[in-house]
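Hello,

Here is the structure I promised to pass on to you. Please open it first, and then read my notes below alongside it.

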Amino acid sequence: GYLAIPGATPPAGDFNKTGRAYPDVSALGHAYYIQLSGQVVGVDGTSCACPVFAGVLALLNAYKVENGQAKLGFANPLLYKMAAEHPAAFTDITVGSNDCTSF
């Protein structure tokens, strides 16, 4: 499998290979429109989804700072706590693919 492929994972100190090896969060990664060299083009993939989720965290941090609170820091503990206390706020994606290459 994936975890057995040499070089497929980050350095040992940055990755817990005894864990699930799946992302804890995700965002839509298909049909984002950007401006590239003066043209509007559609793009796909994690290059879109990762910045979207990072932007969500940045907005949450900005809100907290504006209200005199500490930044979120490592978000996973908070996300898992929220999921346990309010499961309807999350959707557990258990099937699908990441084939976003429609071009």
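**What I found**

At 49% relative accessibility, K81 counts as partly exposed (buried means under 20% relative accessible area, exposed over 50%, and partly exposed in between, with a 1.4 Å probe and protein chains only). I will come back to K81 and its partner in a moment.

Before that, a word on what you are looking at. This is a predicted model, with residues numbered from 1 along each chain as its sequence is written, and local features need pLDDT of at least 70. Side-chain values use heavy atoms, leaving out hydrogens and water, while side-chain atom pairs count only at pLDDT 80 or more and totals for chains, interfaces and linings use all residues.

**The overall picture**

The protein chain has 2 helices and 2 strands; these are DSSP runs, numbered from the N terminus, where helices are H or I with at least four residues and strands are E with at least two. Along the sequence they follow the pattern β-β-α-α. Of the 103 residues of the chain, 10% count as buried. The chain exposes about 8,500 Å², and carbon and sulfur atoms supply 61% of that area (accessible areas come from the Shrake-Rupley method with a 1.4 Å probe, and for residues only the protein chains shown count as cover). Among the contacts with a separation of 6 or more, 28% come from residues 24 or more positions apart; a contact means heavy atoms within 4.5 Å.

**The salt bridge**

Now back to K81. The structure holds 1 salt bridge, a term for a side-chain nitrogen of Lys or Arg within 4 Å of a carboxyl oxygen of Asp or Glu. The side chains of K81 and E85 form it, at 3.8 Å from N to O. Why can these two reach one another along the helix? K81 and E85 are 4 residues apart in helix α2 (residues 76-85), so about one helical turn separates them. E85 is also partly exposed, with a relative accessible area of 48%. As background, side chains of opposite charge can pair when their charged atoms come close.

**The hairpin**

Strand β1 (residues 32-36) and strand β2 (residues 39-43) pair in the antiparallel sense over 5 bridges; two strands pair if DSSP finds at least two bridges between them. Which residues of β2 face Y33 and I34? Y33 stands opposite G42, and I34 stands opposite V41. Of the 5 residues of β1, the number buried is 0, so this strand lies largely in the open.

The hairpin has 2 residues between its strands. S37 lies in this loop between β1 and β2 and is exposed, with a relative accessible area of 73%. Its phi is near 55°, a positive value in a residue other than glycine. Most residues other than glycine have a negative phi. A31 has a positive phi too, of about 65°, although it is not a glycine. A31 sits in the segment before β1 and is partly exposed at 37% relative accessibility.

L60 is found in helix α1 (residues 46-66) and counts as partly exposed, at 42% relative accessibility.

**The cysteines**

How many disulfides does a search of the whole structure find? The number is 0, a disulfide being a pair of cysteine sulfur atoms within 2.5 Å. C50 is in no disulfide, and the nearest cysteine sulfur, that of C48, is 9.4 Å away. C48 is buried, with a relative accessible area of 8%.
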